[in-house]
Structures are given as structure tokens and as C-alpha cells.
Amino acid sequence: MAGTYHFDAADRHNAFITRVESAAFGDGRLAGIPVAVKDNISTRGMQTTCGSRILKGYIPPYDANVVELLREAGAVIVGKTNLDEFGMGTTTENSGFGPTTNPHDPARVPGGSSGGSAAAVAAGMVPMALGTDTGGSIRCPAAFCGIVGLKPTYGRVSRYGLIAYANSLEQIGPMGRSVADVATLMEVIGRYDARDSTSYDRPYTHALSGEIRGMTIGVPAEYFGEGVDPAVAECVRNAIATLEGAGAAVEECSIPSMEYALAAYYVTCTSEASSNLARFDGVRYGPGVGTKRSWHDEFQEFRSEHFGHEVQRRIMLGTFALSAGYYGKYYAKAQVAKENVRRDFLRVLKSVDVIAGPTMPTIAFRLGEKSDPLSMYLSDVLTVPANLAGVPAISVPCGRVQGMPVGLQIIGRHFADEVVVDVAFAFEQEGSACM
Amino acid sequence: MISEREVESIAKLADIRIEKEELGEFTVQFNAILEYFDVLDRVEAAGEGRADLVNVFREDKVRPSLPVEDILANAGSTEDTFIKGPRVM
Amino acid sequence: MHVIIGLEIHCQLNTATKLFCGCSTDYRDDPPNTHVCPVCLALPGALPRVNKKAVEYALRVAKALNLEVAEECEFSRKNYFYPDLPKGYQITQYDRPLAERGVVEIEADDGTPKEVRITRIHMEEDPGRLVHKSGRDRAGYSLVDYNRSGIPLIEIVTEPDLRSPKEARRFLNKLRNTLEYLDVFDGEREGAIRVDANISLEGHNRVECKNISSYKGVEKALTFEITRQKNQIARGHDITRETRHFNEGRGITMSSRSKEEETDYRYFPEPDLRPLRVRDWLDDITLPELPDARKARFVAQYGISHNHARTLTGDMKLANFFEKVAGDDPVLAATWVADTLLGELNYRDMRIDRVPPAHFADLLVLLRADAITDRAGVDVLRVMLDEGAAGEEMELPSAVVDRLGLRKAAGDEFDEVAAQVVEAHPDAVADYQNGTGGALNFLVGQAMRKTRGRADARDLGRRIKELLENKEA
């Protein structure tokens, strides 16, 4: 059933960088459904900025694989959502186009880096959106905004057309009001793509099941450590109890490698980013670069002027971590640590079916609250391990603390995204004790 | 602990410039983060990882290139069908 | 003083498409930026995909040069900024290359065989091409053409086993030849091979010499550099360890002011690509007959000399040409191809593939049948090649012979001419009968003039002599 969709929802939270007034759509699974796309995903003919001034005005001549799939399914791509510049951040305050605010409390952040997509869904502007998750960038805003967000198993969704931040860690994933919406969107985008050499041929097709009787849920001590707000911890424990009530067995477990997972994450993602962002020199796209002086001078001026502070900081960290004399101490060690984290999850997930815990250690921060970079990085401590291990992880709303949403995180085995989704669905069906 | 001078040479390597006024605070924050990374020094390999996915290839078949207009469309400045860049001498 | 030379050679593989995308590699005659896609233009979000054929070609080379292929290898990123490098990094292979530790045999300067060790072979992509209008130093900007960006290269690195510029040139010739025999490389394409050389004089620092793009250039650059270094030492200066650029036009090396070489490349494994485990592909690779084997076969099968065999197999197309025209008299063919045709082609800056083998075979038939003299043969060849050089269609040698009347005079005609000449020069005849030596030659010369060089001098001489003897009697 083809047609034209008129997108006139008011954007009170600066969720969108670019939006259409209306768009035609064709037949398909998502026919006529408005979907928002995070602005680090390439859309042919539509400006794609990565939330950065360095790509202002860039119009890709090609669609990302996921965008092709959305169009084929008849979805209406109503616009490109705001994000922390190049995906680097936990609050969407690092955008070159102004911060996005949290629909539950406009004085607070929506989370990041997919804050725009989360806010657009939470505010009811669209039922579904695409986000990307490198260290929690789908799950964090899903938790802070009270919606559902899935980070798929690494390699299950094509990265072709995703403007790279950290290639070995990131995935595009679905965000929506409900687990069913997220699962539907996952069915559309969870396909093999030969253009991405890290893509696995494990298509996602699944009928939701709320049946979790007989499953074992592991609860790691490290997810309830001292950095986690006690009210958040209690809310999540209650949610896990609900799952127990639905017939799952709950077991304590431990993931000792979480001690260094965050460090491994930041060394790896900044190293890869320092290389991925080297192409932004103004020659082939972006605001034009000068040509009169020698190339180092022109490039340096261009990049310093157009990259935000956090991006420059991460490029510097990554450049340092890869540099001669430091590669062994930082990058090489981080790879060893990453492999250890993967093994740790494999070990735990042999005796339990899924792992459960809070998505974030606190509720959404106030705008401007986290001004110190290191303290900002530390809030990713519960989300980055799943990226390092490559396993699927979902955040589903499980209650409120101080009026703000709290997210329950479910993590599963590689390619068991279906199981993770089912557990989230089961929880959604049962409701939560503190909701 | 790295010095402001070292921070400047990293910036040079990355074709980025930290303004003099910001260099001090930036270096302090930088060192705090590096200190946090020290936890990696104690990491020992739990075992050797072996890649599960290898030999991903493409056949040697010509695919259409993009039309030259698309190649030039986003470039800041062009001449004939060349893209203009800074000089190299 | 001992000279120590090592080479790093980059060769473009002649696959149909680039190393990481499906753009055509046949870009040379086309306008800039017409063979470019999101991947080789480095648009944000584009991802590389490895060309299987490029890997096969690289393995062929590794096998032919006797290297050990790694069980597993991977691609790495080499990070630096330059306007011709669109990603800001080059995808190459760093600490886990395709193959290591091989050997190539060449002739040392004294003619004895020697081994040149190959350190490693790896795959990498070519950057784009920079053009500067009206002279590099005066232009305010660069013009970038990404047609070349992503072309597959193999890099071959030798140990510092070479001892002279001539040895280096011989090594390169053998390498080029071998790569052409393997059909992975087209040496005639402009810029298909680029060489960096490392030279030191024993006991002194090493100098790197970049940007050499021809075989002649290598010998020139090395010769210049050795002289420069020797002069420095003679004046009591140390040799600075540095990178120099070779200026082909001026035949000199110049200190490089570019900071590019001082960069820390920050290599790390390419996260967008998976590792390669291709050692077992070696079992399925059958190497074609390589130059050394072909040379031995030419000597054994055709009975030609070692020198001719070496010349003929020194270029695959030439060797193929020879085998097409060898016919019934390979020794004759070898002589004419190696000693005459090659020289005539070089003089006209023409390549062997301009000469239709059937045409040349026709010439050999005429020569073998003694229908024309050697001298006439050379003339016919020159006429034919000049036609080709002028863009006209080459005539068949028999046609040229007939048109210019170059066929050797037949027997009867000889007798008539001999008789005429004897009639016309009684003084010479008298001189001959008196025993004056030069008389016969004079008469032969006259007769040759009459036949306009078509006759064979000895043959005429014989007949005239017969006539003179008869006269006496």
C-alpha cells in the first residue's frame, strides 16, 4: 500500500538535524511507518553530518545498506537524528548542532550518542528509529528515555554506510517504543551484506515469545558495584525478581575482566577513531579546505576549526595509543584485554542463558553536569563489555527513580539476539514492580 | 605523565592544533585518562584468540564506478575533473 | 670500498579491478576521477573488500620467487596525511605479510651466478595521483585524480645483497621478466613499477633513494648516489642517514624536504577486513615456464646459442615471437630476431608486438631460400618497420622485394652480365691474364653494379673467372 507520509510532528527536543516535510513510500513490512535515522548513517541525497561541523552540507551519493533495506520495506525516512559528534559521547551534548533534551525532563540529557533517535521515539514523533552502539550508544539513551534499544551481535547488521567511529565494536541497531517494534525493525535490518567484510550471514527472523520458564539468568556482582546508584540497583533487582516470578532461575556470577574493560574500550575506540577520522581533511567533502599553504598547515587548520573538543581529545588519545613506543602498552594490551572479556562472557554464558543488570549506573544526568571527560567515560562501565565481547544486549524500561526512567539490560550469547529479545519481551509482558 | 610539549607533538601527528590557552587544562585531563588506562598494564592473556571468520573475498569483476559528477559534487573546489587540494612543496 | 644496495619494488598487478573495490583498473586513457567509487574515494561509511584475484596473483609471485607463504596473514593500516591518500591511511600489510624469505638468482658482475635474498612480499593499495600545473614549485595547489587510488600493488623487498648499479639493474630486469611470464604484471604500462633503493658504502650510513620509476633510472640514481657518497667521504664528511628523492630529468638525487618520511605510521591491523589463510592455495597454483627454464629449453630444443637464448627469453613477448617464427631454421630465426630485428626496433622505439609474426616469417623464408641477400633482407626489414612507424600498414616482405626488384639475379642473367662485363673491359681481362690481382675484383664490381647488388658477389666472381679461364684457353 504505497502513499505519501506527511511528517509534521513538532520537535521540542532538538531531536532532528535534518527532517523532511513529506515523503513517498512503497509496499513492504514497514509500509508507511515513519522511521528516524541517526545522522551517522549515510542517506543518498539527504545531508549526513555525524553531528559535526566538519560534514556540514555533505550529501552522500549512496545509501547505507540498512537504509536500502528500510526503503525496500516501505518505511518513510522522515529525517536524520542528532547525536554526539561522530558517536563520541554519552549525552548528545557533544553535537555540533546543539544538545538534544530528554522528553521526560528537558533539563536532563537524553543519553548518547543516539540521543536524537531516543528522544524522537520517546516524544512520540516516530515509533521506531535506527541508532548505533559502539560502547552503549543505543542502550544508554534507551534507558535514559524509557524506550527499548537493541545492540545486535557484532556482524549481524551491515556497517556499509555507517560512518565509522570504532569499526571492531560498533553496530547499527533498532530503537522503539516496544520490544515488538524493535524486533520488527531488527528483522528488516538484520541481513547479510557482502559489501561489509565483517558481516555474518545470520539473518534475524523470529516470532516473539514471552516464554522464559527454565531459562537461567546470571546476575554479575560487577553490575551492582559501588559505582551504581542504589535506587537504580534496587529497581533493576526488582525487575530481575519479576523475571524469576515468570519462571526463570537466577544465579549470581562474576565477570572479573570488567575491572579493565572500560580502559580496553577507550583505548580501542579512540585508536580506531584516530585513524577513521583522518579522512576528514576538507578535500573531497565538507566545508572546503584552503589550498594555498602546504597540506599539513591547511589540514591542521581545517580540522582544528571544525572538529569539536571531545572529538579532538579522542583523536589525540588514539594517536597516542598507537604511537611508536606506546603501542605495546596501550593498543596491544587493549586487544589482549578485549579477548579476555570475550572469553569471560563465553564462560559465564555457558552456565547461564542470559546476563541481567542495569543498563546505566544512574538516571539521566542534568545538562552540563558531566563536565569532566573521565567521569563521563566512567558512566559507560556497564555497557562497554558487551561491545568488547561482541554479544547482543538490549535495554528495556523497568521502572523510575526520581521520576526518570531506568533501563534493565539483558545480555546474551553471540547470535542469540532472539533470546535476548524474548527475555525483554517476557519482562515487558509481566510489567515491573516499581513501574 | 606526558608533558604539554608531547601533547603538541601528538597534535602535530594528528593534524590537529590545541590552542595555547587550552593546552594546560587539556594536558591535565589527558594525563588523568592515561592514568586510568594503567589498569591495562596488569592484563595477561587468558589464551590466544583465533579468528573465526577468514578469507572474505570479492570476485575480480568490474562494477560501475560513480558518475564523475557525483565524485565532484561534495568537493570544495575542482578544476576540469580534478579535485583541488593543498600544495605539497 | 664495498657497495651495499637493497631494493623495495612496487609493482601494479594487472587484475581487472582494484584491490578493495570493483572499479576498473583500465584508467590510463580516461579523464581524471572517472574510475572512482565510494570506497576508493574514501567517502565516509564506505568499506573495503579484498579482490581474490589480486591475492592469487601475489601468491603466484611468492611461489615463483621461492618465498615461504604465511599460514595466516592480515592487512594493516599505515597512517599519514597526504593529498593523494584519501582515507588518511593506506591499507597495506605490516607485521603479518603474505610471504617471507625467498631467493632470486642473477649473474654477478663477474658473470658468476649469485643469489639475491627476498625479505618479504606483501600486498597494498596505490594512492591517487597528484598533478601540478606549470611546475611543482610554482603551483599554489595540487590537482588530485583518484583513478589510481586503490590499484593493487605488490611490494617486493630485497636484502641488501646487491653490490653494484649494474647488478641492481640486472635484478630488476629479471624480476620484471618473471612477473610478465607469470602474467600478473604489464611492464609497459606507465608507472607500473616504482623502485626505492637503499645504498650505503661499507662502514657508513645508509641513504634511502625514493621515486625511481624506470629501470634506466635505477642504474642512474644508484651510480649518482655512489659517486656522491664517495665524494663526501673523500672530503672527510660523514654520510647523513636520510631520504633523498631521485630527479629523473636531471639524473640526480636530492635531499628530501618532505616531512612525510619522518612520520610515525602507527600501524595497526585493519579492523574492516578479515585475516587470510591462503597457504594451501599454493597447491592449486601451477607456475608457467619461467625465464630460466625457457632459456634452457630454447638451447636444447632449438639448438641456438646461450647468448641468443638469453636475449630472446629476456622478454616474454620476444620469446613468444621467436617461437612463432622459428620454423624450419630456428638458428637463422634466432640470429635475425636477436641480432637484427631487436636493434631495428630499438632504433625506432617500437615494440615487438608491432611486428606481425607472419610477416617476419615470410622474410625468413626468403632468406632461407637464398632468394635475397642478407643486405637486401635488412633493407626490406627497414622498409617494413618504417611503414609501421609511420602508421601505415606493413607490407609483406615478398611484396617489398618484388616492388623494389630485390630478388637475387637468376643463374642465366648472371652469365649474361658476366659476359657483358668481360666484353666491355678488355684491359681488365688483359690485366687478369697478366696476373694483376685486382682485375677480377674490378670486373666483379662492375658486374655487381649492373645487377644493382642483387647478385651474390662470390657467385658472379665464379662465373667471370670461368669465362676468363675459357678465354685463355
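**Chains B and C, strand by strand**

Hi everyone, let me begin with one pair of residues: Arg58(B) stands opposite Asn51(C), which lies in β2(C). The strands here are DSSP runs of E with at least two residues, helices are runs of H or I with at least four residues, and both are numbered from the N terminus. That pair belongs to a parallel pairing of β1 of chain B, residues 57-58, with β2(C), over two bridges. Two strands count as paired if DSSP finds at least two bridges between them.

A word on the model before we go on. It is predicted, so to speak of a local feature we need pLDDT of at least 70, and side-chain atom pairs count only at pLDDT 80 or more, while totals for chains, interfaces and linings use all residues. Residues are numbered from 1 along each chain as its sequence is written, and chains are lettered from A and ligands numbered from 1 in the order in which they are written.

Let's stay where chains B and C meet. How many residues of chain C are in contact with chain B? There are 39, and they touch 30 residues of chain B; contact here means that the C-beta atoms of two residues, placed from the backbone, lie within 7 Å. On the chain C side, at least two residues each come from α1 (38-41), β2 (50-51), α2 (52-64), β8 (129-131) and β9 (142-145). The largest share, four residues, is supplied by β9(C). By class, this side of chain C has 20 nonpolar, 10 polar and nine charged residues. For those classes, Ala, Val, Leu, Ile, Met, Phe, Trp, Tyr, Cys and Pro are nonpolar, Asp, Glu, Lys and Arg are charged, and the others, Gly among them, are polar.

Please find β9(C) on the screen. On β9(C), Ser142(C) and Val144(C) point one way, Leu143(C) and Asp145(C) point the other way, and all are buried. Buried means that 20 or more other C-beta atoms lie within 10 Å of a residue's own; exposed means 12 or fewer, partly exposed is in between, and the C-beta atoms are placed from the backbone. As a general point, side chains in a regular strand alternate between the two faces of the sheet.

Which strand of chain B pairs with β9(C)? That is β3(B), antiparallel, over three bridges. Within this pairing, Ile83(B) has Val144(C) as its bridge partner. Inside chain C, β8(C) also runs antiparallel to β9(C), joined by three bridges, and Arg129(C) stands opposite Asp145(C) there.

Nine strands form an open, mixed sheet in the order β3-β6-β7-β10-β1-β11-β12-β13-β14.

α2(C) packs on it, touching β3, β6, β7 (113-125) and β10 (152-158) of chain C, and its direction makes about 170 degrees with that of β7(C). Then α4(C), residues 215-234, touches β1 (3-12), β11 (193-201), β12 (207-212), β13 (242-247) and β14 of chain C, at about 20 degrees to β11(C). Angles run from 0 to 180 degrees between N-to-C directions, with axes as lines fitted to C-alpha atoms, for helices over the stretch in contact.

Let's zoom out to whole chains. Chain C has 15 helices and 15 strands, and 43% of its 473 residues are buried. Its C-alpha trace spans about 100 × 55 × 50 Å along the principal axes. Chain B has three helices and three strands, in the sequence pattern α-α-β-α-β-β. Of its 89 residues, 27% count as buried, and its C-alpha trace spans about 50 × 45 × 25 Å along the principal axes.

Last, chain B also meets chain A. That contact takes 35 residues from chain B and 45 from chain A. α2(B) gives the largest share of the chain B side, six residues, and by class that side has 23 nonpolar, seven polar and five charged residues.
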